Amino acid sequence: MTELAATQHPAHKSRPAPGAFVARTVTGITGALERNVFSVENARLPGVLQQTDPRVKLVSILILLAATSLARHLLVVIAVYLASLLLARLSRLHLPTFARGVWLGIPLLGAVVAIPSLFLLPGHTLIATPEFGGMRLAVTDSGVSSAAMLLARVGTSVSLGALLILTTRWADLLKALQVLHVPAVFIVVLGITYRYLFLLLHTTNNMFLSRTSRTVGQTSGFEQRRWIGALTGTLVGKSLKMSDDVYQAMLSRGFAGEIRTFASFRARDQDRLFLGLAAVFAAGILLVDRSMM
Amino acid sequence: MTRRDCPPIFRLEGVSYSYLGRYPALQDVNLTICQGEKVVILGANGCGKSTLLKILDGLYPPSAGRIEAFGEDLSRVGDDPAQSQRLHRRVGFVFQDADIQLFSPTVWDDVAFGPLQMGWEQDEVRRRVQEALRLMDVEDLADRAPYELSGGEKKRAAIATALAIDPEVLLLDEPTANLDPRTKAVLVELIARLGEMGKSVVTTTQELEIVPSIAGRVIVFGDKERRPIAEGDADTILDDTDLLVRANLIHQHLHLHGRRAHSHQHSHAGDHDHH
């Protein structure tokens, strides 16, 4: 059984005892990371983005992100968002899941920034609260359009980022960073971190399972905190041992302090076409944006 | 050819090693390993087998004694990147835990790591990676991430990472541990084939059933002595039940009779005759 299969075993999905909030949190984080970071199912689908050179994909998404940030009109941002949905469709992603994943988190994060702007920006009053102590709160039209613009920008940017991550294996995404002149040593360290993050999550999950299998009844908050402290210490020890072992494994294969990597991507005509279309689309919508007053 | 006139690859004289200066792992080891030899280091848990391989690979400096590899003193190899690279161009090491060996995002990247560090041209790197993947029959796993592999697949990929450098010597640390019988058989066959290709292969194990297939010479380490207590060909060593019991490689009530696995269905503490 592979590690991935092992961590997706039904036992891992069983709910810890009520009150075991730390265990639930760690299990939740592990599950979310596995689903979103380590899953390669979407990246293996035969869609348009999956078949595009990762470097081209990275640069194209960055161009679209820049266009989203520079656009001044809501309709233009919505146009980019619709383009991201079209790309998701062409990449054979499940649209409802894709959209839900993006928009469920945004109200929480976006509201913190967007809600104050509803009341603070001057403009025509749309709704107002009754006077209270000589003051009243009013929602203005410019406040609403500013909040809508903010949420649209965040939603579109997150969608574009999600498209890149979902349709590209992490290994390829990391290598693609070379096109942005990210130093090779940084890319290799990121790759190793990503690799062992999974192993560490796997170990953490197993330690929780092992504890659950030996625990009868409920444990107090104090006991749980004490155990988490011990778990953290053990994991730090294991990480240090592992990093030492990995360094030895690198030395034994000839590592002499300078990382050398392999550039294996080769852009094809269809990749150049994709990049061209992304650039033309971004330039086009920005021209339209500037012509709208 | 006797041991005295064989061209030595490794020569250890009075080598000892202790962890943190307090926990002895090896004590006064004297050993010579020759070119083209297929050596099996047989010993129980904690007898110092893995430590010995790390000393042979220049990863640990001996706490006492002297080690030479290919005629070069290895006592300062940790401070000399050029010597380290020279040594690792000729010696490949497969760790017991394949997860340690497979540290890159994909199998292909892992296999290419060694050749890239040697500074070879990209076409040469590509050719060597392809050859190593083919030898270990893992070509179809090249694009997979290590966490997507089974235990046996990981082990084969790990051996491919060492083979990609085409080393003269291969150090294998318990290569068949925790594998199912079929995967174990495939690996034993692969290790035997590496020996036939002319490589020197040093394998540590405590699994007696694989020894006859991969050993030209067997060195038995005592788990209390932490040094070799016997050596000979596979037949001589495996037929010496007293030696195997003493080295904690078999138990009085669960062991081999000749080449056949044999288990007594009782657990009394007293000695009895083993006809």
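Q: In this predicted model, over how many bridges do strand S4 and S5 of chain B pair?
A: Strand S4 of chain B covers residues 64–69. Its pairing with S5(B) runs in the antiparallel sense. The number of bridges is two.

Q: Which residue is the bridge partner of Glu68(B) in S5(B)?
A: S5 of chain B spans 72–73. The bridge from Glu68(B) to this strand ends on Asp73(B).

Q: Which strands stand at the edges of the open sheet in chain B?
A: The sheet has four strands with antiparallel pairing, in the order S2-S1-S4-S5. An edge strand here has a single partner strand, so one of its sides is left without a neighbour in the sheet. The strands in that position are S2 (23–34) and S5 (72–73).

Q: How much area do chain A and chain B bury between them?
A: The size of an interface is often given as the accessible area lost when the parts come together. The contact draws 36 residues from chain A and 41 residues from chain B. Carbon and sulfur atoms account for 56% of the buried area. The total is about 3,300 Å².

Q: How many salt bridges are counted between chain A and chain B, and what is the distance between the closest N and O atoms of Arg44(A) and Glu148(B)?
A: The count between the two chains is three salt bridges. Arg44(A) forms a salt bridge with Glu148(B), and their closest N and O atoms are separated by 3.1 Å.

Q: How many residues of the side of chain A that touches chain B are nonpolar?
A: Helices H1 (3–7), H8 (170–176), H9 (184–213) and H10 of chain A each supply at least two residues of that side. Its residues include six polar and ten charged. The nonpolar ones number 20.

Q: Is Ser252(A) buried or exposed?
A: Ser252(A) lies in the loop between H10 and helix H11 (269–291) of chain A. Beyond its neighbours within four places in sequence, Ser252(A) contacts residues of chain B, among them Asp57(B), His88(B) and Phe95(B). The cut-off for this class is under 20% relative accessible area. Because its relative accessibility is 1%, Ser252(A) counts as buried.

Q: How far apart in space are Trp227(A) and Arg211(A), C-alpha to C-alpha?
A: Trp227(A) sits in helix H10 (residues 221–251) of chain A and is partly exposed, at 22% relative accessible area. Leaving aside neighbours within four places in sequence, its contacts are Met207(A), Phe208(A) and Arg211(A). Trp227(A) and Arg211(A) are 16 residues apart in sequence, and their C-alpha separation is 9.4 Å.

Definitions and conventions. Residues numbered from 1 in each chain as written. Chains lettered and ligands numbered in written order. Predicted model: local features only at pLDDT ≥ 70, side-chain atom pairs only at ≥ 80, totals over all residues. Heavy atoms only, no water. Buried < 20%, exposed > 50% of the residue type's maximum accessible area, 1.4 Å probe, protein only. Contact = heavy atoms within 4.5 Å. Buried area = accessible area lost by both parts, 1.4 Å probe. Salt bridge = Lys/Arg side-chain N within 4 Å of Asp/Glu carboxyl O. Nonpolar A, V, L, I, M, F, W, Y, C, P; charged D, E, K, R; others polar. Pairing = 2+ DSSP bridges.
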